[in-house]
Amino acid sequence: MTVNARRGGNLIALCVVLGFALVLGIAIGAVALAPSAVVHALTHPHGADDVTVIVWALRLPRVLIAVLVGGALAASGTLLQGMLRNGLVDPYLTGGSAGAALTIAIAIVLGAPPPLYAGLAFAAALGTTVGVAALARSGRGVAPERIILAGIAVSSLFGGLTTLVILRSPSASASLQILAWLGGSLAGHGWDDLGWAALYAALGFALAAAVVPALNAVRLGDVRARALGVDLERTRWLVLIASSLLVAAAVSVSGVVGYVGLVVPHVVRRLCGSDTRWALPASIPAGAIAVVLADLVARTASPREELPIGVLLSILGVPAFLYLAFLRRRPA
Amino acid sequence: MIEARDLRLGYGRSTVLREVGLTLRAGELVAIVGPNGSGKSTLLRALAGALAPQAGEVAIDGTSVGALGHAERARRVAMVAAEERVDDDVVVREAVALGRLAHRPWWHWSGGPDDEAIVEAALARVDLSALADRAVATLSSGERQRVWIATALAQQAPTLLLDEPTSHLDLAGAYATLDVLHDLAADGAAIAVVLHDLNLAVATVDRVVLIGEGTILADGPVEQVFRSELLTRAYGAEIAVRQTTDGAMVAIPVRRAHGAR
């Protein structure tokens, strides 16, 4: 089984790289910490020194949020691209981020307290995706092309409304706050937000794990998958629910972070093949690496203020996507 | 055994076939023939439970096919559908292993050692063991067709339905495929195969179902169905049936002078 040995090797390599990225993410910041001090603080959580406080109260929750956001978006992209058999599908396609963005924009204009944002974003992302799935319903199941059309339509409607809210907001600072949320940021969240997001993401991952065999059968074609005993309707609903939970969990703590869910699944398929038993687990560390490193750049590149991580990932993600889509040679 | 009674089949409001009755027994290899668009694939899909009939019923071993769950149905009927796009990097062994999907709980990622043995046996049966690690997309049409037959074999369903499995094959490949089906029927499988080529059907099967004029025009042994007037009626073009010197039957379209009707 040489193919599986290679895939397994790549999966382990991704996990090792993620480990390094995590230590870097914790060590580098406004106060630079030695990697050995980071490891010491991580293994001695009850110390009272500055390093332990920085690591446990600030940096660790932040890198773990980056892991969650990256892993959830990449897994969601892998699921949706597998189900729709279309490499251009992005987890935000189902409208989750657009719904969350509009809700947060309205919440900011109405002066809702910031601690509510994560919960509001989660509820709005989930609600919008359920709405899109309801629009795409066809008989007992959901029709793939209708998911894409409904998602695009709802996303552009909400996108337009969000722009309107920004333009008509009573204060410039509110508009800037909305734009900052749209640009994506992992700042301002602690263990509480992480805990809730992790709970919903865990539910999403569990559902995703359950549809892996069915998604593998879909790789042979929908008609064949049915003939092999796959309940395609149930599979599509489960993929949509899993993907909505993952996207909502990510959006609730990061705002709009694009391109991870689109590009990382392509990278993962290059490394571990499109067999979902490998692609789905591998997408989690791969997405996490992308967001942990992007967040590191976002908070250290400029000494005065953080760069929006969503914007940064778009700037890095678009060339990566163009390369994968147009310049790469066919996989061996 | 599959039994179809008084079927009316179609899509939406249009009806393709009506008053269809058909029984497929263990050990039988049956060819379904008829002109393009006559409803051969539609009938096969209905027998497989993939298309709900507008009227009538399909029963597998006495149970209505509509009442069976997806996995239960796949354990009883395997279907080899017409060509469909396969992801680039699906490997032959992996595709055939998916035939075992209906034999384990739907959330289980992989099969056990028993499943692996069944997959290897299915590969060997269609002579694919040497190609087991190749990507399906890199195989010839004939080899790909064997992959789907092996996948259906791994399903271990007593009934096998195939939709034009020989359509892209050369003569030798087509006969080889039918040979495999013959052996399977001899082992007790009930097999229905849609064939485009009348002469391939007459040379390889014992029973033919002829579809035309929106229903089953004839169903029986080759000699009974392969009659000029029946084929002419089904295909809407004059077809003669001749016997070769060694007794084999062939259907040949009768050439007309240009402009004659």
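Predicted model: local features only at pLDDT ≥ 70, side-chain atom pairs only at ≥ 80, totals over all residues.
1. Residues are numbered from 1 along each chain as its sequence is written, and chains are lettered from A and ligands numbered from 1 in the order in which they are written.

2. In chain A, helix α8 (residues 191-218) packs with helix α10 (residues 232-254) at an angle of about 155 degrees, the axes being 8 Å apart; helices are DSSP runs of H or I with at least four residues, strands are runs of E with at least two, and both are numbered from the N terminus. Axes here are lines fitted to C-alpha atoms, for helices over the stretch in contact, and angles run from 0 to 180 degrees between N-to-C directions. That angle makes α8(A) roughly antiparallel to α10(A), a term used for angles over 145 degrees.

3. The residues of α8(A) that meet α10(A) include L194(A), A197(A), L207(A) and V211(A), and among their counterparts in α10(A) are L238(A), I241(A), L245(A) and A249(A); contact requires C-beta atoms, placed from the backbone, to lie within 7 Å. By class, this contact of α8(A) with α10(A) has 19 nonpolar, 3 polar and 1 charged residues, where Ala, Val, Leu, Ile, Met, Phe, Trp, Tyr, Cys and Pro count as nonpolar, Asp, Glu, Lys and Arg as charged, and the others, Gly among them, as polar.

4. Between the chains, 23 residues of chain A are in contact with 27 residues of chain B. The largest share of the chain A side, 6 residues, comes from α8(A), and the residues of that side divide into 12 nonpolar, 5 polar and 6 charged.

5. Chain B holds an open sheet of 4 strands in the order β2-β1-β4-β5, with antiparallel pairing; two strands pair if DSSP finds at least two bridges between them. The edge strands, each pairing on one side only, are β2 (14-24) and β5 (63-64) of chain B. Helix α1 (residues 40-48) of chain B packs on this sheet, where it touches β1, β2 and β4 (55-60) of chain B, and its direction makes about 125 degrees with that of β1(B).

6. Strand β1 (residues 2-11) of chain B is joined to β2(B) by 7 bridges, and L7(B) has V20(B) as its bridge partner in β2(B).

How values were computed: Parallel < 35°, antiparallel > 145°, perpendicular 65-115°, else oblique. Contact = placed C-beta atoms within 7 Å.
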